[in-house]
There are 2 protein chains.
Amino acid sequence: MILKNTSEIDIVRANSTKINDVDFENLTFGSVFTDHMLVCDFKDGKWEKPVIKPYEPFLIDPSAKVFHYGQAIFEGMKAYKDENDDVWLFRPDENFHRFNKSAIRMAMPEVTEEIFIDGLKTIIDLERDWVKKGDGNSLYIRPFMIAIGSGVIANPSTQYRFMIILSPARSYFAGEVKVIIADHYSRAANGGIGAAKAAGNYAGQFYPTKLANEKGFQQVIWTDDATHTKLEEAGTMNVFVRINDTLITAPISDRILDGITRKSLIDIAKRDGIKIEERSVLVDELLTAAKNGSLKEIFGAGTAAVVSPIVGFSCQDVYYELPKIENSFANDIKDKLTKIQYKQAEDTFGWMVKI
Amino acid sequence: MILKNTSEIDIVRANSTKINDVDFENLTFGSVFTDHMLVCDFKDGKWEKPVIKPYEPFLIDPSAKVFHYGQAIFEGMKAYKDENDDVWLFRPDENFHRFNKSAIRMAMPEVTEEIFIDGLKTIIDLERDWVKKGDGNSLYIRPFMIAIGSGVIANPSTQYRFMIILSPARSYFAGEVKVIIADHYSRAANGGIGAAKAAGNYAGQFYPTKLANEKGFQQVIWTDDATHTKLEEAGTMNVFVRINDTLITAPISDRILDGITRKSLIDIAKRDGIKIEERSVLVDELLTAAKNGSLKEIFGAGTAAVVSPIVGFSCQDVYYELPKIENSFANDIKDKLTKIQYKQAEDTFGWMVKI
């Protein structure tokens, strides 16, 4: 191993690379990781120096608080390679700020810009061969933080580990997505942690999603837990509904994640004159629109799939098929967003950051 | 190490014991662990043979699902030693069944009775020297399960680890407990995971509890997330309110944990002619009772502290002090329950199981 000592981040290089063993044409999302990972520990009230080292399992105590009390947050991001072999990040500051908002809500320490942003740049620069050119190719980036302090008393940990791991990804195609509108299970509580990208928000969705799968649906559209009358999110994505030529998406709240794809799509729609409303879509409104033909599209928006069109939904055991339309807003704004991300269109918003 | 191969559980004994280094008179709750732990892995659709081995950190992949999606559940239990040096468990079947209910809700595999119950008996038998006699002494038991499968795609893991770790405990005294009635933050959603003993339910409480601590209060009494008008739980415990001579506790629901201490206290109250109602206590009702003097007691109920009396509460920034009373129901039923647990009173319910 070659030890490189920069001023801010120690780098311990892997002796060899796994890259030649990877079939980049056939990648399962999130299952292959690059040669290195970034690790930065928090103890005695402060962050230690980050280190980039070979990707490998690490030792942790069975009583670590993350296992018992769920102090765990993450972000999802992507790096893209353009035709000139330059590597780009998409709005990393947004992920950085949201990560720290999640940290506060989960009583975890905020990370510094040096650790999060410089850490990202340093490890992605080291792994730039893993970022492949071409439509739909990207390097999925997973910054996360877990409570590693030991002890089974239910209070916040005093020790944490921040890590960045990287996974090469192809374009994420979920197939035809049919959804069920939730009328019993919920994703988030008023005054809960739904707006945080906290691990605990996800595991709670698995069982209701499994029930939906068993009925032939791929995802659940979550509704407000108190009345189940308002659409909130679609699976792990924000949700957009198009009625006639207006796009509508739920406003962010303490139950709804402030999605970066969501806000970018809103900006593109506004720039290009697509009418967009940030307000609650009522289930009743959706049903009326489905019946009278004004419901044109529903889609999820998130980092992994960018935009995930929904072909139909079930509500109270009645199935509603969405029309097949030309001039899909979903396709149009997905295309515009990904062209910015791959540097094939002008970045009028100043979203892209070069590594 | 001596390898003992039973038919059901492999035992790898520690070469030495830490027991002589432990100051049993001065234990911080949940911070010291015994010499051994039980580990049982689930993969390829089935549970492997459990093994009891020296307590130590273990290796885990950075992409393990527990870190990213929060599939993690646990139980809290205690073992007690009576005057004849026999060691007893309290209602272990209740923990076993609740653990599997939690597993289902979090899309995790159920464990078998052989793994959970026989595992408990075998490891506690091995560690019986760690169970100390005397009032308030116990061995706190933490069975838990985490998702150890790797991969950062948001779906259920295919690999899990069930573990049992043990921590000697003294009587848990929280000091004078003043609480705030939640009017913004919440613990659980309708149709959420509040009834599961899932890790994610706990981390979400830390920040609101920290805010309460900063105002001089030790805990939060959670209310329903939709209206904040009904009392639900106190910190990580179930909550009981005594108005005149009636005890009232919220009914179990998908927002409220089916506490084993809670149900045992209800059974004792019923046996001994204390009037008990399982219904929602309204915040308004609490305030009226506090003002007219009919509010006599509020207390939390849970495994760690058994019963935790509350001396006062704040609601909408007004502080209400509870009266100092003789003939406290909290003290009375705590005393009755702990006498059963320490085999100092007849176990009329058949709750105790000998190791």
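Biologist: Take Ile164(A): does Ile164(A) count as buried or exposed, and at what relative accessibility?

Modeller: First, a caution: this is a predicted model. Ile164(A) has 0% relative accessibility, so it counts as buried, the cut-off being under 20%.

Now its place. Ile164(A) sits in strand β11 of chain A, which covers residues 160-169. Set aside residues up to four places away in sequence, and Ile164(A) still touches Met37(A), Leu38(A), Phe116(A), Gly119(A), Leu120(A), Ile123(A), Ile141(A), Arg142(A) and Pro143(A). For a sense of distance, take Ala290(A). It is 126 residues from Ile164(A) along the chain, and the two C-alpha atoms are separated by 43 Å.

Two of those partners lead to the next element. Phe116(A) and Leu120(A) are touched by Ile164(A). Phe116(A) and Leu120(A) also belong to the α3(A) side of a contact with α2(A).

Look at that helix pair. The axes of α2(A) and α3(A) are 11 Å apart, and the packing angle is about 145°. Their crossing is right-handed. From α2(A), the contact takes Pro92(A), Asp93(A), Asn95(A), Phe96(A) and Phe99(A). From α3(A), it takes Glu113(A), Phe116(A), Ile117(A) and Leu120(A). Sorted by class, the residues are six nonpolar, one polar and two charged.

Beyond its neighbours within four places in sequence, Ile117(A) is in contact with Pro92(A), Asp93(A) and Phe96(A). Ile117(A) and Thr261(A) are 144 residues apart in sequence, and their C-alpha atoms are 19 Å apart in space.

Arg91(A) is placed in the loop between β9 (87-90) and α2 (92-105) of chain A. Its backbone calls for a check. Most residues other than glycine have a negative phi. Arg91(A) is not a glycine, yet its phi is positive, at about 50°. Arg91(A) has 12% relative accessibility and so counts as buried.

Of the 355 residues in chain A, 59% are buried. Contacts reach across the sequence too. Among those between residues at least 6 apart, 71% join residues at least 24 apart.

Now the second copy. Chain B can be laid on chain A with an RMSD of 0.0 Å, using a turn of 180° and a shift of 0.0 Å along the axis. The two copies are thus related as by a two-fold rotation axis. The same surface serves both copies, for 100% of the contact residues of chain B recur in chain A.

The helix pair can be followed in chain B as well. There, α2 (residues 92-105) and α3 (residues 113-126) have axes that come within 11 Å and cross at roughly 145°. The crossing of α2(B) past α3(B) is right-handed. On the α2(B) side, the contact is made by Pro92(B), Asp93(B), Asn95(B), Phe96(B) and Phe99(B). On the α3(B) side, it is made by Glu113(B), Phe116(B), Ile117(B) and Leu120(B). The class count is six nonpolar, one polar and two charged residues.

Lys263(B) is found in helix α5 of chain B, residues 260-271. Apart from neighbours within four places in sequence, Lys263(B) is in contact with Arg91(B), Glu94(B) and Asp258(B). Lys263(B) and Asn238(B) are 25 residues apart in sequence, with 9.8 Å between their C-alpha atoms.

The other is Val306(B), another backbone to check. Val306(B) lies in strand β19 of chain B, residues 306-315. Its phi is positive, about 65°, although Val306(B) is not a glycine. At 8% relative accessibility, Val306(B) counts as buried.

Terms used:
Residues are numbered from 1 along each chain as its sequence is written. Chains are lettered from A and ligands numbered from 1 in the order in which they are written. This is a predicted model: local features need pLDDT of at least 70, side-chain atom pairs count only at pLDDT 80 or more; totals for chains, interfaces and linings use all residues. Side-chain values use heavy atoms; hydrogens and water are left out. Axes are lines fitted to C-alpha atoms, for helices over the stretch in contact, and angles run from 0 to 180 degrees between N-to-C directions. Helices (H or I, at least four residues) and strands (E, at least two) are DSSP runs, numbered from the N terminus. A crossing is left-handed if the near helix is turned anticlockwise from the far one by less than a right angle, and right-handed if clockwise. Contact means heavy atoms within 4.5 Å. Ala, Val, Leu, Ile, Met, Phe, Trp, Tyr, Cys and Pro count as nonpolar, Asp, Glu, Lys and Arg as charged, and the others, Gly among them, as polar. Copies are superposed by least squares on the C-alpha atoms of residues with pLDDT of at least 70 in both. Buried means under 20% relative accessible area, exposed over 50%, partly exposed in between (1.4 Å probe, protein chains only).
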